[in-house]
Amino acid sequence: MILELSRKNRSYRAFDETKPLTRQQLAALVEPTRFCPSSVNMQPMKYYLSCTPEQNGRIFPLTRWARLLKDYDGPAEGQRPTGYIIVCVDENILPNTDRAKTDVGIVAQTIMLAAVEQGLGGCMIANFDKDALKAAISLPEKMFPALILALGVPAEEIILEEIADGESTKYYRDAEGRHHVPKRRLEDILL
């Protein structure tokens, strides 16, 4: 089951905006993170949930999407995420936010796998202006936005391609707009 969820867990960059997400759906995706491992069990993660057009409209312009796709500024209108979960580190609990990087990855992957299980998809976005985001959504002073999870019902085809050792891992879009993602073979990653 985890193998199938992992295969379906792609970085989607097109969503069906006619299918909005609710705060309850987003909260349900965060629920499993309460049980995730955390360094020294400090549990410094907090989550900002956004699912209204107004909230989403403040977040989307601050995101940067798909660095490898030239001339691509992110999803077009009608294909934008209908929900966001901002993974934050509470600096009152953990002042050194660099120490939370592993925890951020663990909770983010947990949320994304939960999303796939619910028929949703998403994209983890680390490329954003943290100060501008804090101001746009009025985060408290000691809340550090570490990662944006853009979510919705996927509206694009993603094709996984197995590649041999030494071949390029750069993702790309074909003439039909399908997103191709090269993945290394198991035998090439085992030492």
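Start with the largest nonpolar core of this predicted model. It has 26 residues, and the ones to select are L26, L29, I85, V104, L149 and L151, which touch the most other members. To see where the core comes from, colour α2 (23-30), β1 (45-50), β2 (83-90), α4 (101-117) and β4 (143-152); each of these gives the core at least two residues. The largest share belongs to α4, with 7 residues.

Next, select L151 and display what surrounds it. Setting aside residues up to four places away in sequence, L151 touches F15, L21, L26, L29, P81, T82, G83, I85, M112, A115, G121 and G122.

Now go to α4. Its 17 residues should span 24 Å at 1.5 Å a residue, and its end C-alpha atoms are 25 Å apart, so the two values agree. Show the side chains of D103, V104, V107, A108, I111, M112, L113, A114, A115 and V116, which are buried in this helix. The elements packed against the buried residues of α4 are α1 (2-8), α2, β1, β2, β3 (121-125) and β4. Step just past the end of α4 to G119, where phi is positive, at about 80°.

Then select T33, in the loop between α2 and β1. Is T33 buried or exposed? With a relative accessible area of 8%, which is under 20%, T33 counts as buried. Beyond its neighbours within four places in sequence, T33 is in contact with Y47, V107, T110 and I111. Two of these, V107 and I111, are on the list of buried residues in α4.

Zoom in on the T33 side chain to find its polar partners. The side chain of T33 reaches the backbone oxygen of V30 at 2.6 Å. A polar contact at 3.2 Å links the side chain of T33 to the side chain of Y47. For a distance check, pick the C-alpha atoms of T33 and R67: these residues are 34 apart in sequence and 28 Å apart in space.

Finish at T97, in the loop between β2 and α4. Its relative accessible area is 15%, so T97 too falls under the 20% limit and is buried. Which residues does T97 contact, leaving aside its neighbours within four places in sequence? They are V89, E91 and F144.

Technical notes: Residues are numbered from 1 along each chain as its sequence is written. This is a predicted model: local features need pLDDT of at least 70, side-chain atom pairs count only at pLDDT 80 or more; totals for chains, interfaces and linings use all residues. Side-chain values use heavy atoms; hydrogens and water are left out. A nonpolar core is a set of buried Ala, Val, Leu, Ile, Met, Phe, Trp, Tyr and Cys residues joined through side-chain atoms within 4.5 Å. Buried means under 20% relative accessible area, exposed over 50%, partly exposed in between (1.4 Å probe, protein chains only). Helices (H or I, at least four residues) and strands (E, at least two) are DSSP runs, numbered from the N terminus. Contact means heavy atoms within 4.5 Å. A polar contact is a pair of N or O atoms within 3.5 Å; within protein, one must be able to donate a hydrogen and the other to accept it, and residues adjacent in sequence count only if both atoms are side-chain atoms. The expected span of a helix is 1.5 Å times one less than its number of residues.
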